[in-house]
Amino acid sequence: MSRLARGIRRSRISPVSWLGAVFVHAVIVGLLLQFGAEPARSNIPSRPDVEAVRVQAADEKLLEQKREAHRQALREEELRKQREREAQKKEAKRKREEKRKAEEETRLKAEEKKKKAAARAEAKRKAKEEAKRKRAEKRKREQEARRKAEAERKAKEEARKLKEAEDRAQARREEQSRRRQREAARRARQADIWRIAIKKRIERVWLQPPAVRIAPCEVVVEQDGKGEVLSAKVQGCQASQAWQESLRNAVLKASPLPRPPDPELFDRRLVITFHPKRAR
């Protein structure tokens, strides 16, 4: 295959251009074979031969120009196709970029929408939690207030009960004290009545002699449970011996002594005070 045919195949030109190129090439090849096959007649060309050479040279030049024009056309066609391919590539790239940007914008919008939805959901959740916390705090404050009020009520009730108990205890103590005082006074009166009765009984049987001194004298009387006098002893007395002896005898003579009105007042040992009569 000739160089021209290979160039035509590489350039991928149209069928008409290719057939024209093949025809021109065949004409040129036939001329070359015609002139090349004729034997040289002499070393010095004849005039017609010179003319033929010039024609051949002109044809070759024309053929070369045609070849160059064809190559230029092929280069321009290749450049045009390359520019078209580059333009197509740029357009495809631009479309891909626009598609990518559109998809990215769609993705960003979706993410933004998702973020906003998540933010709203989070805000709603926090609002619910805050409301729940406030309700819990309110319940806690109310419970604390109720507990405090109940504690204060119980404390007041306990204080009231304690005060009432103390008042009752104080009233009982005061009443017991009054009862003890009344009982003591009653016992003291009964004891005095008993002692007076004993003293009068002794004085009824006592023949008291006149005494020089008038200082009181005490007699200690020991008796049994029936009032029988077991012993009588005069003490702390400055009267005469006869006077003291008469008092002791009177106590023994008055036996048995009167019983107390209340058996609990009974005492086995009695100390009775007597005042001697002043001598006239």
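**Close-up views of a predicted model**

Both Trp206 and Trp243 are buried, where buried means under 20% relative accessible area, exposed over 50% and partly exposed in between, with a 1.4 Å probe and protein chains only. The legends below describe a predicted model, in which local features need pLDDT of at least 70 and side-chain atom pairs count only at pLDDT 80 or more, while totals for chains, interfaces and linings use all residues. Residues are numbered from 1 along each chain as its sequence is written, and side-chain values use heavy atoms, with hydrogens and water left out.

**View 1. Trp206, Trp243 and Phe274 form one aromatic cluster.** The structure holds three aromatic pairs; rings of Phe, Tyr and Trp (its six-membered ring) pair if their centres lie within 6.5 Å, and planes under 30 degrees apart count as stacked, over 60 as edge-to-face and the rest as tilted. The ring centres of Trp206 and Trp243 are 5.2 Å apart and their planes stand at 70 degrees, so this pair is edge-to-face. Because Trp206 lies in the loop between H3 and S1 and Trp243 in helix H4, the pair ties together parts that are 37 residues apart in sequence. Helices (H or I, at least four residues) and strands (E, at least two) are DSSP runs, numbered from the N terminus. The rings of Trp206 and Phe274 have their centres 5.7 Å apart and their planes at 80 degrees, so this pair is also edge-to-face. It links distant parts of the chain, with Trp206 in the loop between H3 and S1 and Phe274 in strand S3, 68 residues apart.

**View 2. Three strands form an open sheet in the order S2-S1-S3, with antiparallel pairing.** The edge strands are S2 and S3, each of which pairs on one side only; two strands pair if DSSP finds at least two bridges between them. On average, and with direction ignored, neighbouring strands of this sheet are turned by 20 degrees against each other. S1 and S2 pair in the antiparallel sense over six bridges, and Gln223 stands opposite Val229 in S2. H4 lies across S1, S2 and S3 and runs at about 155 degrees to S2, where axes are lines fitted to C-alpha atoms, for helices over the stretch in contact, and angles run from 0 to 180 degrees between N-to-C directions.

**View 3. In the largest nonpolar core, which has 21 residues, Ile202, Val219, Val221 and Ile272 touch the most other members.** Such a core is a set of buried Ala, Val, Leu, Ile, Met, Phe, Trp, Tyr and Cys residues joined through side-chain atoms within 4.5 Å. Helix H3 (47–205), strand S1 (217–223), strand S2 (229–235), H4 and strand S3 (269–274) each supply at least two residues of this core, and H4 gives the most, with four residues. Leaving aside neighbours within four places in sequence, Val221 is in contact (heavy atoms within 4.5 Å) with residues including Val229, Val251, Leu257 and Ile272.

**View 4. Gln244 has its place in helix H4 (residues 241–253).** Gln244 has a relative accessible area of 15% and is therefore buried. A polar atom of the Gln244 side chain lies 3.0 Å from the backbone oxygen of Ala239. Not counting residues up to four places away in sequence, Gln244 touches Val234, Cys237 and Ala239.

**View 5. Asp262 has its place in the loop between H4 and S3.** Asp262 counts as buried because its relative accessibility is 13%. Asp262 touches Arg186, Arg187 and Gln190, again not counting residues up to four places away in sequence.

Notes: Polar contact = N/O pair within 3.5 Å; in protein donor to acceptor, adjacent residues only side chain to side chain.
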